[in-house]
Amino acid sequence: MTAAKATPAMPDARIETLRRLEDFCYQVAHYILCDDGLAAEAAKRALLEAGRTPAFLAGAAEAQRELMKRFAVKHSFAVKQNGQTR
């Protein structure tokens, strides 16, 4: 038998963490973009990045919130820059 690989957060904990910050992420994106659809796209991208970032998953709640804010801002500007406007 082989030992299982250690992960920063188990899948259920990862989902719970992302759900806890989902609304906050969307609010940050919406504040920047002022558009529901674009904010949803930016938030989706930010949440995906957060879920793949070990430092985010292993961090304390306040550190996770700060990283989520950074991801939301980053992806909001990326969505806006890519010309995904209506």
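This briefing covers the helices, the core and a few side-chain pairings of one protein.

The model is predicted: local features need pLDDT of at least 70, side-chain atom pairs count only at pLDDT 80 or more, and totals for chains, interfaces and linings use all residues. Residues are numbered from 1 along each chain as its sequence is written, and side-chain values use heavy atoms, with hydrogens and water left out. The protein has four helices and zero strands. Helices are DSSP runs of H or I with at least four residues, strands are E runs of at least two, and both are numbered from the N terminus.

**Overall make-up**
- The order of elements from the N terminus is α-α-α-α.
- Of the 86 residues, 34% count as buried. Buried means under 20% relative accessible area, exposed over 50%, and partly exposed in between, with a 1.4 Å probe and protein chains only.
- Among contacts (heavy atoms within 4.5 Å) between residues at least 6 apart in sequence, 65% join residues at least 24 apart.

**Helix 2**
- Helix 2 covers residues 36-51, and its end C-alpha atoms are 22 Å apart. The expected span is 1.5 Å times one less than the number of residues.
- At the start of helix 2, Asp-35 brings a side-chain oxygen to within 3.0 Å of the backbone nitrogen of Gly-37.
- Buried residues of helix 2 include Leu-38, Ala-42 and Leu-47. The buried residues of this helix pack against helix 1 (11-33), helix 3 and helix 4.

**The nonpolar core**
- Nonpolar side chains tend to be buried together in soluble globular proteins.
- A nonpolar core is a set of buried Ala, Val, Leu, Ile, Met, Phe, Trp, Tyr and Cys residues joined through side-chain atoms within 4.5 Å.
- The largest one here has 21 residues; Leu-18, Cys-25, Ala-50, Phe-56 and Met-68 touch the most other members.
- Helix 1, helix 2, helix 3 and helix 4 each give two or more residues to this core. Helix 1 supplies the largest share, eight residues.

**Phe-56 and its partner**
- There is one aromatic pair in the structure. The ring centres of Phe-56 and Phe-71 are 6.4 Å apart and the planes stand at 55 degrees, so the pair is tilted. Rings of Phe, Tyr and Trp (its six-membered ring) pair if their centres lie within 6.5 Å; planes under 30 degrees apart are stacked, over 60 edge-to-face, and the rest tilted.
- Phe-56 is in helix 3 (residues 54-58) and Phe-71 in helix 4 (residues 61-81), so the pair ties together parts 15 residues apart in sequence.
- Phe-56 is buried at 0% relative accessibility. Phe-71 is buried too, at 8%.

Key:
A polar contact is a pair of N or O atoms within 3.5 Å; within protein, one must be able to donate a hydrogen and the other to accept it, and residues adjacent in sequence count only if both atoms are side-chain atoms.
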